[in-house]
Amino acid sequence: MNVDVTTLPGIGVRKEFSLSKVDRRMGVVDHRDGGTDLIFTRIGDPDSTVQIPLSDVEARTLASLLGAPQLVAQLREQHRELDGVSTRSLSMPLNSPYSGRRLGDTEMRTRTRASIVAVLRAGEVFASPGPDFVFADGDIVVVVGTNAGLDAAASILSDG
């Protein structure tokens with residue numbers, strides 16, 4: 001897919017692409033001051049642009065929502081022939097006892113026999129995070145294991 005990148009002097013950078021099923025373009029404006037706007041435009045009509053400012057938390061949440069399903073689908077496809085192995089994405093609750101703490105503190109593998117294979121944060125994928133990886137509010141945690149192990153992992157992230 002082609003992404004058009006346009007420098008906006010004094011503002012930042014506009015990045016957008018054409019959507020295949022509708023006559024629209026979608027993208028973001030990354031402002032020099034760190035802000036992010038989501039944009040939608042009718043193809044050939046730049047005056048139709050709808051620009052939606054996003055807070056940092058909103059931009060990270062949207063990026064995680066868009067990235068997590070694709071990663072989980074890919075892992076499910078890879079594990080589909082393995083009986084008893086499942087993949088699930090778990091949202092790190094805002095009040096999680098492990099927010100701001102290291103992955104190793106969870107003792108996830110020992111306690112659940114499930115493995116954290118990736119963490120998505122603000123559109124960035126942290127593959128195979130090690131025990132020193134520090135969780136943050138809003139992280140999407142991708143876990144592989146049995147259904148019982150995945151249920152236990154969800155409980156650990158939310159309740160400790």
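I looked up Phe 126 and found it partly exposed, with a relative accessible area of 24%. Buried means under 20% relative accessible area, exposed over 50%, and partly exposed in between, with a 1.4 Å probe and protein chains only. I worked on a predicted model, where local features need pLDDT of at least 70, side-chain atom pairs count only at pLDDT 80 or more, and totals for chains, interfaces and linings use all residues. Residues are numbered from 1 along each chain as its sequence is written, and side-chain values use heavy atoms, with hydrogens and water left out.

Next I checked the rings. Rings of Phe, Tyr and Trp (its six-membered ring) pair if their centres lie within 6.5 Å; planes under 30 degrees apart count as stacked, over 60 as edge-to-face and the rest as tilted. I got two aromatic pairs by this rule. Phe 126 and Phe 133 make a tilted pair, 5.3 Å centre to centre with 55° between the planes. Phe 133 is buried, at 13% relative accessible area. Phe 133 also pairs edge-to-face with Phe 135, at 5.8 Å centre to centre and 80° between the planes. Phe 135 is buried too, with a relative accessible area of 2%. I noted the three, Phe 126, Phe 133 and Phe 135, as a cluster linked by ring pairs.

**The core**

Which residues have the most contacts inside the largest nonpolar core? I listed Met 108, Ile 116, Phe 135, Val 141, Val 143 and Leu 157, in a core of 16 residues. Such a core is a set of buried Ala, Val, Leu, Ile, Met, Phe, Trp, Tyr and Cys residues joined through side-chain atoms within 4.5 Å. At least two residues each come from β7 (115–121), β9 (140–145) and α4 (147–159). α4 gives the most, four residues. Helices (H or I, at least four residues) and strands (E, at least two) are DSSP runs, numbered from the N terminus.

I then took Ile 116. Beyond its neighbours within four places in sequence, Ile 116 has contacts (heavy atoms within 4.5 Å) with Leu 103, Met 108, Pro 129, Phe 135, Val 141, Val 142 and Val 143.

**The sheet**

I traced an open sheet of five strands, ordered β1-β2-β3-β4-β5, with antiparallel pairing. Two strands pair if DSSP finds at least two bridges between them. Why is one side of β1 and of β5 left without a neighbour in the sheet? β1 (4–8) and β5 (45–54) stand at the edges, each with a single partner strand. I counted six bridges from β4 (residues 36–42) to β5, running antiparallel. Arg 42 has Asp 45 in β5 as its bridge partner.
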